[in-house]
Amino acid sequence: MILGGKKIAILAADGVEKVELEQPRDTLRKAGAQVDIVSLKDGEIEARNHDLEPAGTIKVDRMVSDASPGDYDGLVLPGGTVNPDKLRLDKSAVSFVRDFVESGKPVAAICHGPWTLVEAGVVAGRKLTSYPSIRTDLRNAGARVVDEEVVVDKNLITSRSPKDLSAFCSTILRHFADAPADSST
């Protein structure tokens, strides 16, 4: 159990790409982490397949307005176009992401997930990858964008799309395992 004792947040809203939430969540849980789905509202969020097809709901464990980076050892930002678009309009979500990145703890974002990093103002001077359609946004925010399966720049881990999930999940396992457990949790 390489992540035993670690607590990881997955920040997501309605429109989340189901596989980009479930595969990292299941990988982290299998490695022994406690994983909370953190969102803008209580109850459930609506998932999607390929952005357009309804894919059921996912239970929310905690509202982002009640969460703090001090409660967690790592953060995952899944994609889907609607999900990060909703997150970046919410002050609590943006502050949570900004504070998490600034804490130095690992933050992993896949596909359209880096949109929230842009809104949080934490990509300038950082090397990232993402889904091709948001790379201009990343560049305009000062990021150095590359087209690679997984990119690690200090505490930021990014991947391009669901095709990269295997590499993304193995990378986040390593980096979350290496991060010191938060003494406040």
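Q: Which residue is the bridge partner of Val38 in strand 6?
A: In this predicted model, where local features need pLDDT of at least 70, side-chain atom pairs count only at pLDDT 80 or more and totals for chains, interfaces and linings use all residues, Val38 has Arg62 as its bridge partner in strand 6. Residues are numbered from 1 along each chain as its sequence is written, and side-chain values use heavy atoms, with hydrogens and water left out.

Q: How many bridges join strand 3 to strand 6?
A: Two bridges join them, and the strands run parallel; strands are DSSP runs of E with at least two residues, helices are runs of H or I with at least four, both numbered from the N terminus, and two strands pair if DSSP finds at least two bridges between them.

Q: And what about strand 1 and strand 3?
A: Strand 1 (residues 7-11) is joined to strand 3 by five bridges, again running parallel, and Ile8 stands opposite Val35 in strand 3.

Q: How many residues of strand 3 are buried?
A: Five of the six residues in strand 3 (residues 34-39) are buried, meaning under 20% relative accessible area, with exposed over 50% and partly exposed in between (1.4 Å probe, protein chains only).

Q: Switching to helix 1, which residues are buried there?
A: Glu20, Leu21, Pro24, Arg25 and Leu28 are buried in helix 1. They lie on the same side of helix 1 because they cover an arc of only 110° around the axis, taken from the directions from the helix axis to the C-beta atoms.

Q: What follows helix 1?
A: Gly32 follows helix 1, and its phi is positive, near 100°.
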